[in-house]
Amino acid sequence: MKQKGVSKEVLMRMQALRALIEYHRALYHEKDAPEITDEAYDSLVSELQNLEEMSPSIGEGVSPRDVIGGAPSDAFKKVKHSVRQWSFDNVFDEAELSLWSDRVHKLLAGGGVSKPAPTYVAEHKIDGLKVVVVYEKGVLVRALTRGDGITGEDITHTVRTIKDVPHVLKEQISLIAVGEAWLPHKEFVRINALREKKGEPVFANPRNAAAGSVRQLDPEITRERNIRMFFYDIDFIDVVNTDVLSPDTQEDELALLKKVGCTVNPHFAVCRTLSDVVAYYTKWTPKKDAEQYGMDGVVVKINEISYQRILGYTAKAPRFGIAFKFPAEQATTIVEDIVLQVGRTGVVTPVAHLRPVRIAGSLVSRATLHNEDQIKRLDVRVGDTVIMQKAGDVIPEIVQVVLELRPQKTKPYVFPRKVPECGGDGAIERVVGESAYRCVAKNSDTLHRARLYYFVGKHAFNIDGMGEKIVDALLDAQLINSYADIFTLARGDVLALPHFKDTAADNLLTSIERARTVPLERLLISLSIAHIGNETARLIARHFKSLAAIRTATLDQLEAIHGIGSVVAHSLYVWMRTKDHMEELDRLLAHVTIVNPEEKEEQAFLGQIFVFTGTLATLSRDEASERVRDLGAHVASSVSKKTTYLVAGVEAGSKKELAESLGVQILNEEQFLALLSRATEG
DNA sequence: TCCCCTCGAGTTCA
DNA sequence: CTCGAGGGGA
């Protein structure tokens, strides 16, 4: 352990983290008004925890993470809980879960259980507000918030308005029942819309709205908000003078709660083994957003109450249960560097290099910063701690900088005027009115490489087995320099590359051979002409039908095409009249055969607009697009009122919702294939 | 001139 | 998937 070697920076970081965590903790628990998400908060806490573990001598004393919950506010009467209120420890993956279960088995064996065979109960972990309800001889007498676990606030008057909480139980038992109060997502949206209209501050999330709604002086406000509650635990039970049996298991507790009239979440499962628990977790992970309540994981408890007693509690949490949390969708990390990248069109994109961090199941180490304006807006600096999230499930983005954790002596990021990464003289410029810098270096090697990558890529010549690595190797070995050189590569040239043996070389040469025949639109795309992408190239190819016609087209002729305006027309016109470009094009034409577009007789889908989303099982999205285009349809990238069909594969995202709201017809894969085969037959 | 609709470009990870 | 910007109809 490096007890002594703890640097001053680490100490300062820990201090700053503690102060910040305390600040956010107070906002969350005492004011119901957090400024950052729980996940970002958890991420900060876990960083502090790690630092403290690495330097044990400093972790002592009061760290905010030792405090359970918050101190009760003065607005409501403080009441001491008769049973201490705990919260479970968290685990984030199967390995951690299995460690917990191992501990349980060991403790049970050591606790005198000869052959421990615990079963588990898995339940939805609801993201709401924990409420403790006290019944005496079947009558509701008091309801408390969790508070700091020892003392809670009296919220009896508002909890009485929740319809899932019976005022009188169906049996005259005395009971301390614990549940989670939550606000349906629909209600959250409705209430926030209302508040916004009135100019009141909106709630950050449903949980805070629930907390705010329950902590009202006027119970009518609570009633109006339609708060719900699920009961999940019994802290104390007295069944004297009734014929009710005391529960022996967690499963029995849930059954009893339900029997006496308390609402219980129906989606729990009794699991014989830990792999059943994992299966439950896996089953619910993709469905977690489908319910009206927020779910941030699965609570796993040892079913047998006799075992629970043996296991007992640590200083902070019960040992008989664990919260198996869903992967966090937000986390904090540190910006280690800001690096510039140059694309095929010369656009210079700043990318943040990050200390690797797990978000939504994957390890993220880079995130785009888009452009200079975005860096200014966020004021991201090297060394900053930032909150990260995944935009649309895949692409990491920086949400905000945690200013409190900014190291001293940092300076705002200055976008360089010269970019050596560009090659050549590194000159870049920013066109007025545009947000991107473009590399304008003469003879930029980077740009040259980027264009060649694109030329062999999927949308252009699509040369199989020729990726960026191979292009680099060919360039470095000076085997190619321009597009045309690719088609004069000899077998011996390829064999000279590292890692290339007979089969690999033959495969590559076959791919090149196949690429010698190219549809006109693909040739257009491959040339890296600004603004000429997939669709525009197709448009132009369809219209002129030959390269010769395109080369001689006037500005007016170009602009006359529906979908081509002055900017695109100018870009193409100028390109076709640049001497270097013409020479390169002529050299290329000596080696390739262009297939000109022809009129199709079969136009079953003429005038129809298709949009694809999600993954199709039987064919790729590109293949599917090709098929419908062959039948005269147009394939668009986003859904609008004009869309004829949205073809939705597995894991369709936001497009499907949009299509539903616009009333666009949605086809699943089966229906789509049926439509295709009908069209090709007829 | 103001929107709405598209397209192009850039990007991450398993 | 998102953002910025071009194209075109109202």
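Analyst: Here is a quick tour, from the whole chain down to single residues. Bear in mind that this is a predicted model.

User: How many helices and strands does chain A have?
Analyst: The secondary structure of chain A comes to 24 helices and 24 strands.

User: And how much of chain A is buried?
Analyst: Chain A has 682 residues, and 46% of them are buried.

User: What share of the contacts comes from residues 24 or more positions apart?
Analyst: They account for 67%, counting contacts in chain A with a separation of 6 or more.

User: What's the lining like by class?
Analyst: It has 13 nonpolar, 13 polar and 10 charged residues.

User: Switching to aromatics. How many pairs are there?
Analyst: The count is 20 aromatic pairs. Take phenylalanine 230 and tyrosine 293: their ring centres are 5.4 Å apart and their planes meet at 90°, so this pair is edge-to-face.

User: Where do those two sit?
Analyst: Phenylalanine 230 is in strand S8 (residues 228-238). Tyrosine 293 is in the loop between helix H9 (274-284) and strand S10 (295-302). The pair therefore ties together parts that are 63 residues apart in sequence.

User: Phenylalanine 230, buried or exposed? And tyrosine 293?
Analyst: Phenylalanine 230 is buried, at 8% relative accessible area. Tyrosine 293 is buried too, at 6%.

User: Which residues form an aromatic cluster?
Analyst: Phe605, Phe610, Phe612, Tyr645 and Phe672 form one.

User: Which arginines lie over rings?
Analyst: Arginine 84 has its charged end over the ring of tryptophan 86, 4.3 Å from the ring centre. Arginine 344 lies over the face of tyrosine 454, with 3.7 Å to the ring centre.

User: Now strand S12. Where is threonine 332, buried or exposed?
Analyst: Threonine 332 is in strand S12, and it is buried, with a relative accessible area of 9%.

User: What does threonine 332 touch, leaving aside neighbours within four places in sequence?
Analyst: Its contacts are Ala40, Ser43, Leu44, Val357, Thr385, Val386 and Ile387.

User: Which strand holds valine 339?
Analyst: Valine 339 lies in strand S12, which covers residues 330-342. The relative accessible area of valine 339 is 23%, so it counts as partly exposed. The cut-off for buried is under 20%.

User: What is valine 339 in contact with?
Analyst: Leaving aside neighbours within four places in sequence, valine 339 is in contact with Thr349, Pro350, Val351 and His353.

User: How far is valine 339 from threonine 368?
Analyst: They are 29 residues apart in sequence, and the C-alpha to C-alpha distance is 9.7 Å.

User: Last one. Where is arginine 538?
Analyst: Arginine 538 is in helix H17 (residues 534-544).

User: Is that side buried or exposed for arginine 538?
Analyst: Arginine 538 is buried, with a relative accessible area of 11%. Leaving aside neighbours within four places in sequence, arginine 538 is in contact with Glu521 and Arg629.

Conventions: Residues are numbered from 1 along each chain as its sequence is written. Chains are lettered from A and ligands numbered from 1 in the order in which they are written. This is a predicted model: local features need pLDDT of at least 70, side-chain atom pairs count only at pLDDT 80 or more; totals for chains, interfaces and linings use all residues. Side-chain values use heavy atoms; hydrogens and water are left out. Ala, Val, Leu, Ile, Met, Phe, Trp, Tyr, Cys and Pro count as nonpolar, Asp, Glu, Lys and Arg as charged, and the others, Gly among them, as polar. Helices (H or I, at least four residues) and strands (E, at least two) are DSSP runs, numbered from the N terminus. Buried means under 20% relative accessible area, exposed over 50%, partly exposed in between (1.4 Å probe, protein chains only). Contact means heavy atoms within 4.5 Å. Rings of Phe, Tyr and Trp (its six-membered ring) pair if their centres lie within 6.5 Å; planes under 30 degrees apart count as stacked, over 60 as edge-to-face and the rest as tilted. A charge sits over a ring if NZ of Lys or CZ of Arg is within 6 Å of the ring centre and within 35 degrees of the ring normal.
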